[in-house]
Amino acid sequence: MNKPLRRIALFCGLLVLTLLLRDNWLQYVKADGLKDDPKNRRVTIARYSTPRGDIIVDGNPITGSTETSTSGLNDLKYKRTYKNGAMWAPVTGYASQAFGANQLESIEDGILSGTDDRLFFRNTLDMITGKDKSGGDVVTTLNEAAQKAAWNGLTKQGGKGAVVALDPSTGKILALASYPSYDPSTFAGNSTTTDAKAWQKLQKKYDPNDPMLNRALRETYPPGSTFKVVTAAAALENNLYSSADTATDSPLPYIMKGTTTELKNEGNIPCKNATMRVALQYSCNTVFGKIGSDLGNAKMLAEAKKFGFDSEQFTPVRSSASVFSDNMNSSQTALSSIGQFNTAATPLQMAMVASAVANDGKLMKPYMVDKLQSSNVDTIAQTEPQELSQPLSSKNAQILQSMMETVVKDGTGKKAQIDGVTVGGKTGTAQHGVANSENPYAWFLSYAKLADGSSPVAVAVVIEDSSANRDDISGGGLAAPIAKSVMEAVINSKK
Amino acid sequence: MSSSTNSPTHHTSTIGAIGAPSRRNTELALLLFAVVIPVFAYANVGLAIDGKVPTGLLSYGLGLGLLAGVAHLGVRKFAPYADPLLLPLATLLNGLGLVVIWRLDQSKLLQSIGQAGNAAPRQLLYTALGIAFFVVVLIFLKDHRVLQRYTYISMFAALVLLLLPLVPGLGANIYGAKIWIKIPGLGSLQPGEFAKIVLAIFFAGYLMVKRDALALASRRFMGLYLPRGRDLGPILVVWFISILILVFETDLGTSLLFFGMFIIMLYVATERTSWIVFGLLMSAAGAVGVATFEPHVQQRVQAWLDPMKEYKLSQQGVGGHSEQSMQALWAFGSGGTLGTGLGQGHSDLIRFAANSDFILATFGEELGLAGIMAILLIYGLIVERGVRTALAARDPFGKLLAVGLSGAFALQVFVVAGGVMGLIPLTGMTMPFMAYGGSSVLANWALIGILIRISDTARRPAPAPAPSPDAEMTQVVRPS
């Protein structure tokens, strides 16, 4: 019987070997994936085991952490708090014990919760000295005064909308507001009564206004007439018209090529063979529609792409890609060139358009994280401004600036004028809905230029929906005052 | 069997193990480690959780030491030539199990859902009972061959034990498997753990008698020796009972364990590979057949194939689904190579049965890959010492019994550890010695007791040949 016994011994050895191999697979090969799986409760426990690092604006934290009482079923020690949560929600996102985290809270979670490898040395030192692990801080580029101006403007106006302000020379995001918004501290905990109810109430299913949608980055709107800035840039760059003041070849009425449809202007305005300056000042659909049609789909698309259309931006919070379509016929291109048809843009995208013009043609990559710090304010990472593209030459940018300045000085954007500051801008009123039945979107994009020629701020404002009557809505009336107050806030904070 | 130490004055020249070392002092030294290591682990848990050495450290250390001492003295007195490794290895596993059960007792989460709190003192009591049982086996089982007499009584007893959970009013369905019986006032009992031993006795006795018939009367077909139809009877009966267990008690593990044990013993008894082929085919057919219509088995298989889906379903509150498999995998993964350290993991997230069926996951998280490999090797060593005992045994019954018990032990470890680690579908059995549960502790100490008895008999120096009664009658003339 000894031969089979030896074989059984071998078989039992193989059973143990199989278990050992499986364990190596599980605890070595697959270990990191399982350990960092967001569904693994340990990730959440670690995230809230120590006070979370803060998100900082202008040197002051806009977030905080508060200790909660732990018990059997509540194993999370610290809860996130927010100061002025609704105003900052488009920047911070949320970090909820029950519902996870998003935006900056999620993207920089490693730094904020102190688990990032870049904090390894610091944490090891803390372990030796007996200090608790502590999270690092995320220092943002935002400007508190500008954000407040944007938020107050939107709140006072009362309709859905968003504001984005950029520093044209660096791409720093100065304001990022969305309305209606939500206060992330209402569901930061994991109470099944208060937190879960607050969360549920914010879902689109229960609140048709969708307050958790970050309209500044994630919603695309037809840009309407504000897109004419892009079309004008394309005309200059492609040498269709080399100056703002040469008369264009623009008939009135204008029948779109290949159709029998007339492209109309809003009201009786002097658009026949108007110069581009005059056409932008009065917002002539006929002139810019024909420019788009003359340039063709390919050239318009190339220019739009240089401004950032058709690609997502990572600020590092992702923004949706704005749209300018390919494979359009002549009349579709004409409509797209005045910001209708398929054309759609995020508020961030239109702020990028204004900032590229203001920065003499150079488009800087927009970003909102200035630097990451460890808890003892050592800089771990610093974001350097980065040029994304050059949509137009410096000379053409200056031509376009003078056109946009005319709009504010004598045209549709008079409400954005600021004493002692040169302001360039463009209004927009985009129609939407079946047969344009719904309330239009009111747009305004602008930049401010100081006496020394530098441009500290470019803004895009969109007001989505208004209970006001349709004729009253126009970029100049609703959106321009908000843009003005944001620009003033930035200029005053520079002083 | 060494003969170098033969005393020349003795006339027993063939087997000269008179001076063969009993290895009892080796056992004592190893036992010291087996007690000290868990005591350190206990202190470690206390320091990690409360920041201070636990107040019960002294009594725990003394308790475990005392139990080990009693067991050792029992072996020294009643089985002096026994294998020196079995007792220390079992003590170490039992001690570590106690520490981790105590560690899970400290979990607020488990306390709040009533899954832990005072399990460790109870387990210590079970351990004391187990060791008492172990010593009783050594005292009363002077020779393992006595068990041979109870071959058919064992069969009957095993059947009763296996069927008990199905008796209405007595059986209890715990987490889907009906392998428990409830005794009012005493708690619940898992008769399958005891049936394992009793069945091994029956198989050993039966196969010892029938092995020649099973081995020799066969026809050769395609390189395999096929048994005669009527010799197929016993294996078919055991297979059928295993299937019944699977269907009525819905426990894949117990079913697999019994059938596997029988195949191992059949193979050893007959030395015919064909039995293994038959056994594998039959178990595969049985498992697949049952899985097609038994929803509980199907669900276990689904949970094994896609633990994440199972987890999501359980989170959505879909009935009959459990997050345990995924939680166990996360526990292992979060432990990584070296583990979080005792008392610093979150394996209590497994919630139900965290200190019994899933106790290995806590070891995995807190002691890491290194700790689990050590523990698996300790189990492996116990099994190999058991098979070694079978090799050394001089009688076929002892060989069969030893290999049956060791094989069953190995299969149980494989089925439980494999289930918890997601290698095979999860079953309702527990890790021997480590998991919380009285039946398991008692039965496994008895199992070690029997192995120690067989190894003692095997290693014991042969007594001087008894004077032949014939010779006596012819040589000695007694005047009446």
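How many bridges join strand 19 of chain A to strand 20 of chain A? Seven bridges link strand 19 (residues 441–449) to strand 20 (residues 457–463), and the two strands run antiparallel. The model is predicted.

**Chain A overall**

- The secondary structure of chain A comprises 18 helices and 20 strands.
- The C-alpha trace of chain A extends over about 105 × 60 × 45 Å along its principal axes.
- Chain A has 495 residues, of which 55% count as buried.
- Of the contacts in chain A between residues at least 6 apart in sequence, 69% connect residues at least 24 apart.

**The five-stranded sheet of chain A**

- Five strands of chain A form an open sheet in the order 9-8-20-19-18, and their pairing is antiparallel.
- Strand 9 (173–179) and strand 18 (422–430) of chain A are the edge strands, each pairing on one side only.
- From one strand to the next, the twist averages 10°.
- Within the pairing of strands 19 and 20 of chain A, which has seven bridges, Y447(A) lies opposite A458(A) of strand 20.
- Helix 8 (residues 144–157) of chain A lies across strand 8 (161–166), strand 9 and strand 20 of chain A, and runs at about 20° to strand 9.

**Strand 8 of chain A and its two partners**

- Strand 8 of chain A is mostly covered, with six of its six residues buried.
- In a regular strand, side chains alternate between the two faces of the sheet.
- On one side of strand 8 of chain A, G161(A), V163(A) and A165(A) are buried, and on the other A162(A), V164(A) and L166(A) are buried, so that both faces are covered.
- Six bridges connect strand 8 of chain A with strand 9 of chain A in an antiparallel arrangement, and here L166(A) faces I173(A) of strand 9.
- The hairpin formed by strands 8 and 9 of chain A has six residues between the strands, and G171(A) in this hairpin adopts a positive phi near 90°.
- Strand 8 of chain A is also joined by six bridges to strand 20 of chain A, again antiparallel, and A165(A) stands opposite V459(A) of strand 20.

**Helices 13 and 15 of chain A**

- The axes of helix 13 (residues 285–295) and helix 15 (residues 330–337) of chain A approach within 7 Å and cross at roughly 130°.
- This angle makes helix 13 of chain A oblique to helix 15 of chain A.
- The crossing of helix 13 and helix 15 of chain A is right-handed.
- On the side of helix 13 of chain A, the contact involves F288(A), G289(A), K290(A), I291(A), G292(A) and S293(A), which meet residues of helix 15 including T333(A), A334(A) and L335(A).
- By class, the contact between helices 13 and 15 of chain A has four nonpolar, seven polar and one charged residues.

**Helices 7 and 9 of chain B**

- Helix 7 (residues 191–216) of chain B packs against helix 9 of chain B at an angle of about 30°, and their axes are 9 Å apart.
- Angles under 35 degrees count as roughly parallel, and helix 7 and helix 9 of chain B are therefore roughly parallel to each other.
- The crossing of helix 7 and helix 9 of chain B is right-handed.
- Residues of helix 7 of chain B, among them L199(B), F203(B) and L207(B), meet residues of helix 9 of chain B that include F258(B), M261(B) and F262(B).
- The contact of helix 7 with helix 9 of chain B has 14 nonpolar, three polar and two charged residues.

**The contact between chains A and B**

- Chain B supplies 41 residues to the contact and chain A supplies 33 residues.
- On the side of chain B that touches chain A, helix 4 (108–112), helix 9 (252–270), helix 13 (324–335), helix 14 (359–392) and helix 15 (396–420) of chain B each contribute at least two residues.
- Helix 14 of chain B provides the largest share of that side, 13 residues.
- By class, the side of chain B that touches chain A has 24 nonpolar, 13 polar and four charged residues.

**K395 of chain A**

- K395(A) is located in helix 17 (residues 394–410) of chain A.
- K395(A) counts as exposed because it has 12 C-beta neighbours inside 10 Å.
- K395(A) and I491(A) are 96 residues apart along the chain, and their C-alpha atoms are separated by 25 Å.

Notes: Residues are numbered from 1 along each chain as its sequence is written. Chains are lettered from A and ligands numbered from 1 in the order in which they are written. This is a predicted model: local features need pLDDT of at least 70, side-chain atom pairs count only at pLDDT 80 or more; totals for chains, interfaces and linings use all residues. Axes are lines fitted to C-alpha atoms, for helices over the stretch in contact, and angles run from 0 to 180 degrees between N-to-C directions. Helices (H or I, at least four residues) and strands (E, at least two) are DSSP runs, numbered from the N terminus. Angles under 35 degrees count as roughly parallel, over 145 as roughly antiparallel, 65 to 115 as roughly perpendicular and the rest as oblique. A crossing is left-handed if the near helix is turned anticlockwise from the far one by less than a right angle, and right-handed if clockwise. Two residues are in contact if their C-beta atoms, placed from the backbone, lie within 7 Å. Ala, Val, Leu, Ile, Met, Phe, Trp, Tyr, Cys and Pro count as nonpolar, Asp, Glu, Lys and Arg as charged, and the others, Gly among them, as polar. A residue is buried if 20 or more other C-beta atoms lie within 10 Å of its own, exposed if 12 or fewer, and partly exposed in between; C-beta atoms are placed from the backbone. Two strands pair if DSSP finds at least two bridges between them.
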